[in-house]
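User: Can you walk me through this model, a helix and the chain contact first?

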Amino acid sequence: MSTLQLRHLNKTFTPKVVPVKDVSLTVEDGEVLTLLGPSGCGKSTVLRMIAGLETPTRGQILIGDRDVTFTRPGDRNVAMVFQSYALYPHLTVYENLCAGLRLKKVPQSEIEQRVAEVSRILGLDQGLMTRKPGQLSGGQRQRVAVGRALVRRSDVFLLDEPLSNLDALLRERVRADLKQIFAAQNTPVVYVTHDQTEAMTLSTQVAVLNNGYVQQLDTPERIYNQPANQFVAGFVGSPQMNLLTLPCQGNQALLGNFKLTLPDLPTLPAQVVMGIRPEHVQLATANDPNLIRGEVFLVENLGMNHLISVKVPNANGEPVILRSLLPPHSPSSSELSLTLPSNAIHWFDPQSGDALVKRP
Amino acid sequence: MSLGSNARQPRSPHPAPTRSLTLTNILFGLAVVAIVIFCLAPVLWQVLTSFKLTEDIIAIPNIYFPTRFTFDHYIQLFQRQPFWRYVLNSTFVAVTSTITCLAIGAPAAYALARLHPRGSHWILAGILLVTLFPYILLIQGLLQIVQVLHLANNYLALIITYTAINLPLTILVMRSFFAQLPKDLEDAARVDGYTTVQMLIRIVLPLTLPALVTTGILTFIASWNEYIFALTFITEDTMKTIPVAAAQISGSSTYEAPYGPIAAATVVGTIPLILLVLIFQRQIIQGLTAGAVKG
């Protein structure tokens, strides 16, 4: 139906408070773009600018080929699900669902038909329709909030952390439901979250935001496997990636008393940041490359795996700490031999934080 | 959630706890009775006086609980002076002041709560400051203004004054109410396509009703009971309000103290207020915002 485009968006509240510095994005029909980032990274402000609740200081917002940068929210034909659901407490569920349609003077027969369709998709049975939001459970309110956005059949579908008020079990179920709803919808969806699992499972594209800039815009797979910089590497993935600043000697980086071979680089750096996810650090067999030995000092049981912290001795200073995710039945000796597979290692520039090797 | 707990209840092995007469309960009951008597005794005294015969009123020793009742004082009250007229005057002045006060105060409070204008702290401090002046300090200045504007013996003199006096409270109460009203609701309404006016009328106003009723009743009571300004600005007999009229009731002869008619006037003047509070008490208590956001 339409494409959502953001061009060099900037929002400046005061010279010191600039939540969004320069954000450009394109979301095609049927795509789900997730804005992922820590709190205060500007993701909600971007969403509110798309909805029209904030006016950008600079930049352009296009829906299809309409420039809606300064259009009123009601005239943009966007629908939004709020984190607090924001259901009208004095109206019944049915009135909540059709409030937007009545304003647009949609004929009553069509309203009925659309509400019926949406309540079928969301499993809102007829008995709920005459209730007020105060009489609903958290999960039901959440579904009504999604329903109110769905009946609008808008050009763009926006969601602001819609799952953060649900308990863990319900969240997983609704996440799966949302994925199906997104798949059935042929509109651009923009989804804001700080939860990386939601970002990974729901989206076709993830934009990692920090400090008002897009750090990386990529598919979930590439965000996870090929982080563009140190921030993305550290933010995405749980348990967090090991990120160690290591001194270099020639084309080798020194991890404690052990040596890791650097990839081919145009210039040999004095220091690098080495990143490797705990799940990629494996128990070593006899002749693996990048072999290290260390002393186990902390074992955290995560159920599926054990997160093991290892102290690697360092002749030139403090011991280096490396975390490894190992299956629970692995040998529980106080010293472990581990290998760091070179294709799982990420190298970053310690100053800029950018990845040193750009992979295709 | 409530459904779940209901379903579990029949299986519960414990019977509902029976009420026992413990010392705490007795003391609590006594305290309640004592407070009620302390607060309502003067009211009860007035009510009883209004129904007593004149001999019983002035009898010594006092007759606290009369055995003979009469409606004479009420009949006299309406026969000797146009008391209906006074009720009407009071009603008109109080209703108009209340509506004006809400019409000015609510938008002002909304602007202060939502738009965060520069120096809103100073504005609030100023509003609070106004409420600190005793009426008696204001009366001379106001009287001069009333003279200059030729508003004496005009309902406007009272309406403007009552509106102005009650505005600070209205603004302060409404502002804190608007401040706790979730902003997401208004955002959702704007995304749904409501214009600002539609949003205010159809979404914000219904949710604000309890606060409007509460502050409205407070303003109404204050205007209804006000005495000094009404005494000073209005001299024309047909334009008096109830408090002034009640205070000026005279006996049938110079030597008769008109306790009975005054008590009757007090009761008549209080009934509308009691009715008002009874009618709107549900609105006052009702928490309409429940369920707006995750609770």
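Analyst: Helices are DSSP runs of H or I, at least four residues, strands are runs of E, at least two, and both are numbered from the N terminus. This is a predicted model, where local features need pLDDT of at least 70, side-chain atom pairs count only at pLDDT 80 or more, and totals for chains, interfaces and linings use all residues. Residues are numbered from 1 along each chain as written, chains are lettered from A and ligands numbered from 1 in written order, and side-chain values use heavy atoms, leaving out hydrogens and water.

User: At which residue does α8(B) bend by about 40 degrees?

Analyst: Helix α8 of chain B covers residues 155-180. A proline, B:Pro168, follows the bend within four residues. The bend itself is at B:Leu167.

User: Which element gives the most to the side of chain B that touches chain A?

Analyst: Take the salt bridges (a side-chain nitrogen of Lys or Arg within 4 Å of a carboxyl oxygen of Asp or Glu). The rule finds 2 across the interface of chain B and chain A, including B:Asp187 with A:Arg48 at 2.9 Å, N to O. The elements giving two or more residues to chain B's side are α9 (183-192) and α10 (196-225). With 9 residues, the one giving the most is α9(B).

Notes
The expected span of a helix is 1.5 Å times one less than its number of residues. The bend at a residue is the angle between axes fitted to the seven residues ending there and the seven starting there.
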